[in-house]
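This report looks at a few strands and at some contacts that involve aromatic rings. The sequence and the structure come first, and the description follows.

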Amino acid sequence: MSHPAPFRPPGVPAARRPELPPVHGTLICLAAPCLVISPDHGQLTGRGMDGVYRSGRRLLSRCMLRIAGRDPVAVQGRSLGSDRAAFTATVRTGADPGPDPDVRVERVRHADGTERITLRSFAARPLRLPVEVALGTDLAELAEVAAGRAGPELPAAVHAAGLRWSTAQGQAVTVAEPAPDDALASAGLLRWQFELAPGEARTIELRTTRDRTARAPAGQVANPLADARAEADDPRVEAWLRTSVEDLGALLLRDSGDPADGYAAAGAPWRLGLAPAESLWAARMALALGTGLAAATLRVLARTQREGHGPDAGMIPGPLRGAGAQLPPGCTGTEATLAFPAVLAEARLWGLPEDEVARLLPAAERCLRWLRGALGADGFLADPDPGPRRCETQAHAHRAALLGADLLAACGLEGAAEWRERAAELRERFRAGFWIDGPDGGRPASALHPDGRPLPRLTGAAVHLLDTGLIGGGRLAPGLLDKARTEQLARLLGAPAMDSGWGLRSMAVREPGHNPFGHRSGAVRPYECAVAVASLAHGGFEKEAAGLVRGLLDAAESFGFRLPEMFAAEQRTAGSAPLPHPAACRPAAVAAAAGIHALTALAGIRPDAPAATVALVPLPGAPLGALRLSGLRVAGQPFAVRISRLGLAMVEEAADALQLGG
């Protein structure tokens with residue numbers, strides 16, 4: 001897939017991309033496509049990204065509360081779950097002597113645009129409290145808000161028990177219960193007079209929607225994810241898994257082509273839409289919660305697959321993605337096309353019904369036909385073409401070939417032998433062309449230039465060389481590297497140059513161009529870290545897997561168990577904490593799924609549902625102590641497993657026909 005760079009005269013710098021407003025200090029409530037971005041003090045100020053959004057449009061940008069003529073003093077903002085947050089503040093009315101506040105203010109804000117404001121008096125005598133809420137909006141698109149082009153606030157009109165704003169593009173309505181005593185459209189003000197006895201509380205409910213209906217529906221697609229739970233010696237494990245499952249569910253969006261199907265949006269707030277590769281990887285990492293999300297995502301992407309007979313026929317389109325300073329942007333469509341047959345093959349092993357597999361097989365075969373035509377004369381896959389041969393692209397192609405072959409053979413179709421032969425040829429070429437020998441044992445090149453020169457960078461993308469994929473009988477597919485080089489790569493990933501103490505860096509510390517905040521040049525990406533944990537665990541590299549999963553759990557705790565898509569990989573020291581990346585999505589689909597993948601990998605669950613078997617290969621040493629995972633799904637039925645402190649696994653719940661084996 002060729003994407004030529006635009007011509008730029010010598011000496012003329014590239015156009016600078018607009019800088020995204022920072023959101024790392026905000027509280028985000030999400031139930032896609034509903035989104036609320038709040039500062040930690042809870043007042044929506046109308047500045048920055050503050051606001052209530054639905055389907056990418058800001059319905060409310062300003063919601064400022066005043067009590068007795070004073071701004072409440074914020075004392076705490078906290079998340080109550082993926083779709084709601086609470087903000088606590090106090091007011092000192094002066095009714096009692098001394099410095100103590102006498103009114104507590106609790107605001108609970110929901111992603112669907114509902115907010116409940118509760119005032120509770122602690123004064124010794126009755127209080128008469130004037131309450132004001134100042135509202136406003138620009139009805140701007142999120143992209144315009146992010147670029148600083150939101151425009152002025154719109155004039156309001158009184159509407160029933162609230163206010164309304166409208167333009168040719170849409171409208172927003174905020175209604176209050178109880179109805180305000182006074183509504184001033186010119187100032188955007190709602191006013192109440194409350195009388196509170198000692199200990200008494202009063203609540204105002206605000207509801208912001210796109211129309212005159214009482215409430216916007218929060219969930220737009222049925223959630224196919226099982227409600228998995230964890231119990232562990234380390235109590236943080238339960239919170240990490242619970243938050244990961246909730247956040248992945250909050251990112252689910254309904255497909256416009258078929259409302260019965262949904263997929264995980266890439267992340268909030270910037271990428272609340274379909275990102276083909278990331279949506280597929282998130283579904284793959286969540287297979288232990290059932291095959292429903294994988295099946296729906298595969299159906300969504302199959303409908304986008306390019307038709308015809310040209311070189312792009314069978315490809316799943318996707319946007320370009322930056323790859324750092326050393327390489328041109330890569331095509332996420334290439335990644336998604338290679339992921340499709342692999343995810344379908346693994347979903348079948350986890351229990352995707354055979355009739356659903358059969359419906360998706362033609363799309364998987366078209367992906368493989370595209371791969372056959374896209375391989376270059378040197379036997380490698382360029383991305384884009386013509387362009388570099390990235391190591392992770394070869395890993396994705398190799399996995400697609402082997403798992404695609406396993407899928408074709410299991411379904412009685414021709415072609416399995418061809419793809420196994422192609423995978424063997426790719427292994428031979430990769431081992432000869434990509435490995436850079438050195439006195440320390442060597443390393444894989446991060447890419448080959450079109451002329452065959454290697455790019456000697458050690459990056460997090462190398463983890464995909466260890467992620468070989470699951471095939472029938474509870475076995476792992478062979479990888480691109482031989483045993484000795486696999487062991488060397490595992491050592492490199494576990495060394496301080498790559499393991500920051502908070503997770504895996506996207507580029508080793510001493511590499512030219514390293515930047516601890518760089519998305520592809522040093523930052524920790526939880527997705528790659530979870531792939532590393534699972535792959536190292538599957539390969540029996542106990543020390544390296546244990547170090548990474550412990551670090552990622554510590555990082556998750558620092559972020560309230562809602563990991564961002566990336567964060568700065570400063571080396572961990574005593575008393576330090578991971579640093580947020582100001583432009584990172586949080587939550588993000590692959591970061592949420594990373595928690596699920598990393599924790600379930602510790603149990604080493606390797607199902608073969610068509611053969612009615614499941615193998616357990618837990619990570620020795622139980623790095624997080626005793627662990628019980630329940631509410632999982634294997635072969636469409638509940639599945640629970642317990643790992644002892646010695647690293648021994650026992651199935652506690654499974655489908656009646658499922659046998660331990662493999």
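In strand 33 (residues 613–616), T613 and A615 point one way while V614 and L616 point the other way, and all are buried; buried means under 20% relative accessible area, exposed over 50% and partly exposed in between, with a 1.4 Å probe and protein chains only. Strands are DSSP runs (E) of at least two residues, numbered from the N terminus. This is a predicted model, in which local features need pLDDT of at least 70 and side-chain atom pairs count only at pLDDT 80 or more, whereas totals for chains, interfaces and linings use all residues. Residues are numbered from 1 along each chain as its sequence is written, and side-chain values use heavy atoms, with hydrogens and water left out.

Two strands pair if DSSP finds at least two bridges between them. Strand 33 runs antiparallel to strand 32 (residues 605–608), with four bridges joining them, and P607 stands opposite V614. These two strands form a hairpin with four residues between them, and A612 in the turn has a positive phi of about 60 degrees. Strand 33 also pairs in the parallel sense with strand 37 (residues 659–660) over two bridges, where T613 stands opposite Q659.

Turning to the rings, a charge sits over a ring if NZ of Lys or CZ of Arg is within 6 Å of the ring centre and within 35 degrees of the ring normal.

| Charged end | Ring | Distance from ring centre |
|---|---|---|
| R422 | W419 | 5.5 Å |
| R572 | W502 | 3.9 Å |
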